[in-house]
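Visitor: Hi, could you walk me through this one? I'd like to start with the overall picture and then get into the charges.

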Amino acid sequence: MLRGEKNRIALRGRIIGLHDAGKTPSEIPHELGLKKDTVYLWLRRWNEEGKLEDHKRTGRRRVTDANQDRMLRNAAEASPFSTSVALTQESGLPISARTVRRRLHEQGIHHRTPAVKEKLTERHRKIRLQFASDHVAYDMDILGRVVFSDEKTFSSTTHGRMHCWRENNTRYDRRHIYENAKSGHVTCNVWGWISLHGVGELTEINERFTADQYIEILEEVMLPSVRSYLLPYPERIVFVQDRCPVHTARVVRQWFNEHQEIQLLDWPPKGCDMNPIEDVWALMVNGWEPSEERTRQALLHHTQQEWELLRRKPQLIAKSVESMKRRLQEVILMEGGWSSY
């Protein structure tokens, strides 16, 4: 019995209970906030039938039975990316795709846009699981020393989540089409870092990112800004970077070996969902409309403005960094698979 039906029957039971307690049919509606006709209906039905359930309604005969409904659910769970048309054909039942959708909806199965992630090999999963297990116990004191870094490419055609208020069947009306001009678009590449205490520095990088340029950023941007904003010398820095070829180049590894005050975390491959700076990039993109930026310099200025707006919201950045423990716990729960971040 569904919860709504249980509630309706309970209310009808109160009608009978109040009547048995001496309340008149005229008094009960005021006490329960019901219409008189409703009270009289259930008093009469109780006296005549001794039941408070709704009568079964007549209608079209259901074309599937419980076993067939269960079979459709199992088919959808086995092939979650199938269409209702494909599931109909595979079932071999004399039913329509619309019926398949209704049966699945009744069982809580809905056709949603899937999360799209890179494919993980068993090796990726094993390394991700090991990393998450090794670091899930990090306390806030250690987390406060971690510098999360990353590169990002922004484009003048980038926009946040798009929504459109419209009537049905007007999707392709001219005023409802968001026109995205690809020709003439400009891009800018940036490198930035964040910590538990907020955003750090954001700096432009050349279109062709090299190991030498990265070392220059580490020496002239990362170290001075981290020492100024976060951890004064000689406190130890815990540094996060992904495994892109520039980061793992021989000269870059040598640079880190020469800076023993920096602990370089052995970040796993395909570890973007564990790096909270990805949230920052998403926050920057979600609300902006950079399509009017016609030059690289104008787009870079726009990007820096968005970064500085986030500098005023350290609690927002802290919330993302504090999610690290939950991210790692999810990776462990998924046995090295993708988390929901």
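Visitor: What share of the contacts in the protein chain with a separation of 6 or more comes from residues 24 or more positions apart?
Guide: That share is 71%, where a contact means heavy atoms within 4.5 Å. Please keep in mind that this is a predicted model, in which local features need pLDDT of at least 70 and side-chain atom pairs count only at pLDDT 80 or more, while totals for chains, interfaces and linings use all residues. Residues are numbered from 1 along each chain as its sequence is written, and side-chain values use heavy atoms, with hydrogens and water left out.

Visitor: Thanks! How many helices and strands are there?
Guide: The protein chain has 14 helices and 5 strands. These are DSSP runs numbered from the N terminus, with helices being H or I of at least four residues and strands E of at least two.

Visitor: And how much of the chain is buried?
Guide: Of the 341 residues, 39% are buried. Buried means under 20% relative accessible area, exposed means over 50%, and partly exposed is in between, using a 1.4 Å probe and protein chains only. The accessible surface comes to about 21900 Å², and 50% of that belongs to carbon and sulfur atoms. Accessible areas come from the Shrake-Rupley method with a 1.4 Å probe, and for residues only the protein chains shown count as cover.

Visitor: On to charges. How many salt bridges does a search of the whole structure find?
Guide: The search finds 16. The criterion is a side-chain nitrogen of Lys or Arg within 4 Å of a carboxyl oxygen of Asp or Glu.

Visitor: Could you pick one with Arg103? What does Arg103 meet in a salt bridge?
Guide: Its partner is Asp69, at 3.6 Å from N to O. Arg103 lies in helix α6 (residues 97-106) and Asp69 in helix α4 (residues 66-78), so the pair ties together parts that are 34 residues apart in sequence.

Visitor: Are Arg103 and Asp69 buried or exposed?
Guide: Arg103 is buried, at 5% relative accessible area, and Asp69 also counts as buried, at 10%.

Visitor: What about Lys270, which residue does that side chain meet in a salt bridge?
Guide: Lys270 meets Glu118, with N to O at 2.7 Å. This pair links distant parts of the chain, 152 residues apart: Glu118 is in the loop between α6 and α7 (122-135), and Lys270 is in the loop between β5 (262-264) and α11 (277-286). Glu118 is partly exposed at 46%, and Lys270 is partly exposed at 28%.

Visitor: Which residues gather in a patch of negative charge on the surface?
Guide: They are Asp212, Glu216, Glu219, Glu220 and Glu258. Patches are made of residues with over 30% relative accessible area and no salt bridge, and like charges are joined within 9 Å. Lys and Arg count as positive and Asp and Glu as negative, while His and the chain ends are not counted. The place of a charge is taken as NZ of Lys, CZ of Arg, CG of Asp or CD of Glu. Helix α9 (residues 211-229) gives the most to the negative patch, with 4 residues.

Visitor: And which residues make up a positive patch?
Guide: Arg60, Arg98, Arg101 and Arg102 gather in one on the surface. Among them, Arg101 is found in helix α6 and counts as partly exposed, at 39%.

Visitor: Last one: where is Arg327?
Guide: Arg327 is in helix α14 (residues 324-333), and at 1% relative accessibility Arg327 counts as buried. Not counting residues up to four places away in sequence, Arg327 touches Asp273, Met274, Asn275, Pro276, Asp279, Ser320, Ser339 and Tyr341. Arg327 and Met274 are 53 residues apart in sequence, and their C-alpha atoms are 5.8 Å apart in space.

Technical notes. Patch = residues over 30% accessible without salt bridge, like charges linked within 9 Å, V, L, I, M, F, W, Y side chains within 5 Å.
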